Amino acid sequence: MASGPAPIPSGAWLPHAAALVTLVLALAAVPSAWADNVDMVFLKSAVAKGAVCLDGTPPVYHFSPGSGSGANNWVVHMEGGGWCKTSEECAIRKGNFRGSSKYMKPLSFSGILGGSQKYNPDFYNWNRVKVRYCDGSSFTGDVAAVESSTNLHYRGARVWNAIIEDLLQKGMSKAQNALLSGCSAGGLAAILHCDKFSDLLPASAKVKCFSDAGYFFDGTDITGNKYVRKVYKDIVNLHESAKNLPSSCTSTQSPELCFFPQYVIPTLRTPLFILNAAYDSWQIRNILAPSAADKSKAWAKCKLDIKNCSSSQLVTMQNFRKEYLAALPQPGQSRSLGMFIDSCFAHCQSGAQDSWLAEGSPSIQKTQIGKAVGDWFFERAVSQRIDCPYPCNQTCKDNEDD
């Protein structure tokens, strides 16, 4: 791989601003699926353990208690938001909710966290938790010393441990069913922490993991290099993540490769569902055509909207899809594996109601995402679906919402 890649713009590893538009449209389309804001739990007791955001503020999660048949069931969903691979990038996050709980605000639940039986029939009455993301390492970092020049705390793994411990004390230790989920960087965290999560819950519980837009793969960019490998190496080194990555992977692979799910999943013990767009908009922008590989900006318009791609760029996109599918677990190798790989130009599809389960939601073989995930969790059917190539699926919603 070429050395000294150009730095990624500070916003490149964050979700696209279009998420706000998606949020407004989803709210207007299915208002009955939305509830009032869910209050935040500031876990101040975690500070003494060093479990803090990048700026040293307490970690936060949102909690909506379960009821009725869902009183002993839990879905714990981890927020996404990219990573920071240098102290300079992490310092920028101290000034917003990606690195400080000072800037976090209450939010409403929808999609997989929604409280409407109509729009989320399998999980609506569960204990529903959204873990806020303020460490920049997919909850893997643990550097004992505070960085003196910036006062940065690289403590993502401690944050995850502290929040899960608090939830166990709130009743998750008696869970009958539990699902660890997440979007984007949180979706990657759902894979990296999957077996650990399962081990913390009762042996009698049904525990599974769900990754939305978290299957980042070890792909080649338009110059033939594996640019994102260098990015992951920098993240792992800065946050000292290696000790918190699955040992079943790090025992045979270099730590940065264990940030790629394709090298972790072969030894995963806990059932997993992979939801991803084959033309994942974030991966198109940052793995296939990162700025460092596209210095002429020939891909500038295409990677923002697949409809702007030239015929030759679409050929490259289709080859990218083939490479992506080859990096996935093969359907049929395990009934406990769930997959929904659509042909949308999207990134994160479980948080917005219009893509999770609503009239006109994305579907494969006439099955929508929320239904596919529920069928898999409750083992009503084998749920492994891979879509036809773009532009065959007219139900796509180009969401980028975590």
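User: What should I know about the numbering and the model before we start?
Analyst: Residues are numbered from 1 along each chain as its sequence is written, and side-chain values use heavy atoms, with hydrogens and water left out. The model is predicted, so local features need pLDDT of at least 70, side-chain atom pairs count only at pLDDT 80 or more, and totals for chains, interfaces and linings use all residues.

User: How many disulfides does the structure hold?
Analyst: There are 8.

User: Why is the pair Cys84 and Cys90 called a disulfide?
Analyst: A disulfide is a pair of cysteine sulfur atoms within 2.5 Å. For Cys84 and Cys90, S to S is 2.1 Å, so the pair qualifies.

User: What makes this disulfide of Cys84 and Cys90 right-handed?
Analyst: The torsion about its S-S bond is about 90°, so the disulfide is right-handed.

User: Are Cys84 and Cys90 buried or exposed?
Analyst: Both are buried. Buried means under 20% relative accessible area, exposed over 50%, and partly exposed in between (1.4 Å probe, protein chains only).

User: How do you know that Cys183 and Cys348 form a disulfide?
Analyst: Their S to S value is 1.8 Å.

User: Which parts does the pair Cys183 and Cys348 tie together?
Analyst: Cys183 lies in strand β5 (residues 177-183), and Cys348 in the loop between β8 (338-342) and α11 (353-356), so the pair ties parts 165 residues apart in sequence. Strands (E, at least two residues) and helices (H or I, at least four) are DSSP runs, numbered from the N terminus.
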